Amino acid sequence: MFLLAAYAVAMRDVRKGRGAASNRSGRYERHRHVAFDDGWGTIDEAQAPLRTEVRPDASRKVITRNDSPDIGFDRSINVYRGCEHGCVYCYARPTHAYLGLSPGQDFESRIFAKYEAPAQLERELARPGYECRMIALGTNTDPYQPTERRLALTRGVLEVLERHDHPVGIVTKSALVTRDADILSRMARRKLATVSLSVTTMDRNIARTMEPRASTPAKRLEAMSTLREAGVPVGVIVAPIVPGLTDHEIESILEAASAAGADRAGYVVLRLPQEVRELFLEWLSVHAPNKARRVVSLLQGMRAGRLNDPNFGTRMTGAGPYAELIAARFAAAARRLGLERRGPTLDTGRFRPPSRNPAQLDLF
């Protein structure tokens, strides 16, 4: 059992509107920063709210490839590094350590944007030998986080994909996705688009602290209805399921999503890789201290005594009796509600690659 007391955080460190309760140094840093009382009492003063900073990301490629056997796509686009939603459990947090930043509050306040993403995508789709397969958006950080309202980079990517009849699958926690219902509706009519909304809890109080800048659970359900009315296939992902804290909501989330128009469902059990472990345990010590020991105990029971299981096949669902119980409950509810079907098959045969020489007209 982890000593939860070791992760206790003073309330002065908690910033309003932020998920992480601290700004722990990344694992590659040579130095660790800790609060120190110099005798003036300033250590007990409340921290000022963090402002979000957006900086350019100079990545030379926009399409990321993977060969993971337990996810249903081999390529994705993430136009942002870091995510202002601030979900404390986010498995992408450790990637900020590669930038010399903290996976804690830096991850949700120091965002990197790929301003050239639409133009880069156009060039990559035009490369000789490019093979069309669904591109996933929202696999690492949310494509519809608050910064997207101003920058509209995700919309720019969708415009490129629509122009060339390239299929796309989106996962988000934001109702902002409905802004692009016009594009998604047109693509869906040609079997080129599908969207899934991720719902962790229906409890507004838990959501407010666990995922503080994501859309409220009710707004996500409204977004499902809006997309469904626009003809866009929409699903729900119950993710992450936090045993001992949100797992009692599995059935109620699926029922609400089904009523909102979802036609399929999936789930992911909480996993805590690298620095996410410390950040989540800090969150528990601040926001759910009475449930912390039970949450940790159940997680360890599902992760072979640890809090993270990196192995393919079990990292998403866990293993052991409690994991089997969650799987059985989810399957029964999904079957009852007609949500056990797979997502729609998207059409890759329509793809029309961009001309490699825009000045030269196509022959056909």
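Modeller: Helix α5 covers residues 181–189, and its buried residues are A181, I183, L184, S185, M187 and A188. Bear in mind that this is a predicted model. In an α-helix there are 3.6 residues a turn, so residues three or four places apart point the same way. Among the buried residues of α5 are I183 and M187, and also L184 and A188. Just after α5 comes K191, with a positive phi of about 60°.

Strand β8 leads on to the next stop. In the loop between β8 and α6 (204–210) sits T201. T201 has a relative accessibility of 0%, and because buried means under 20%, T201 counts as buried. What is T201 in contact with, leaving aside its neighbours within four places in sequence? The residues are I206, A207, P217, T246, E249 and I253. With E249 the contact is also polar: the two side chains come to 2.5 Å in a polar contact. A polar atom of the T201 side chain also lies 3.0 Å from the backbone nitrogen of D203. Further along the chain, E211 is 10 residues from T201, and their C-alpha atoms are 10.0 Å apart.

One of the contacts of T201, I253, falls within helix α8, which spans residues 250–260. The partner of α8 to look at is helix α11, residues 321–337. The axes of the two helices come within 10 Å and cross at roughly 25°. Angles under 35 degrees count as roughly parallel, and therefore α8 and α11 are described as roughly parallel to each other. Their crossing is right-handed. On the α8 side, the contact is made by I250, E251, L254, E255 and S258. On the α11 side, I326, R329, F330, A333, A334, R336 and L337 take part. Sorted by class, the contact has 7 nonpolar, 1 polar and 4 charged residues.

Last, the setting of these parts. The chain has 364 residues, of which 52% count as buried, and it contains 11 helices and 10 strands. Among contacts between residues at least 6 apart in sequence, 81% join residues at least 24 apart.

Terms used
Residues numbered from 1 in each chain as written. Predicted model: local features only at pLDDT ≥ 70, side-chain atom pairs only at ≥ 80, totals over all residues. Heavy atoms only, no water. Buried < 20%, exposed > 50% of the residue type's maximum accessible area, 1.4 Å probe, protein only. Helix = DSSP H or I, 4+ residues; strand = E, 2+ residues; numbered from the N terminus. Contact = heavy atoms within 4.5 Å. Polar contact = N/O pair within 3.5 Å; in protein donor to acceptor, adjacent residues only side chain to side chain. Axes fitted to C-alpha atoms, helices over the stretch in contact; angles between N-to-C directions. Parallel < 35°, antiparallel > 145°, perpendicular 65-115°, else oblique. Left-handed = near helix turned anticlockwise from the far one by under 90°. Nonpolar A, V, L, I, M, F, W, Y, C, P; charged D, E, K, R; others polar.
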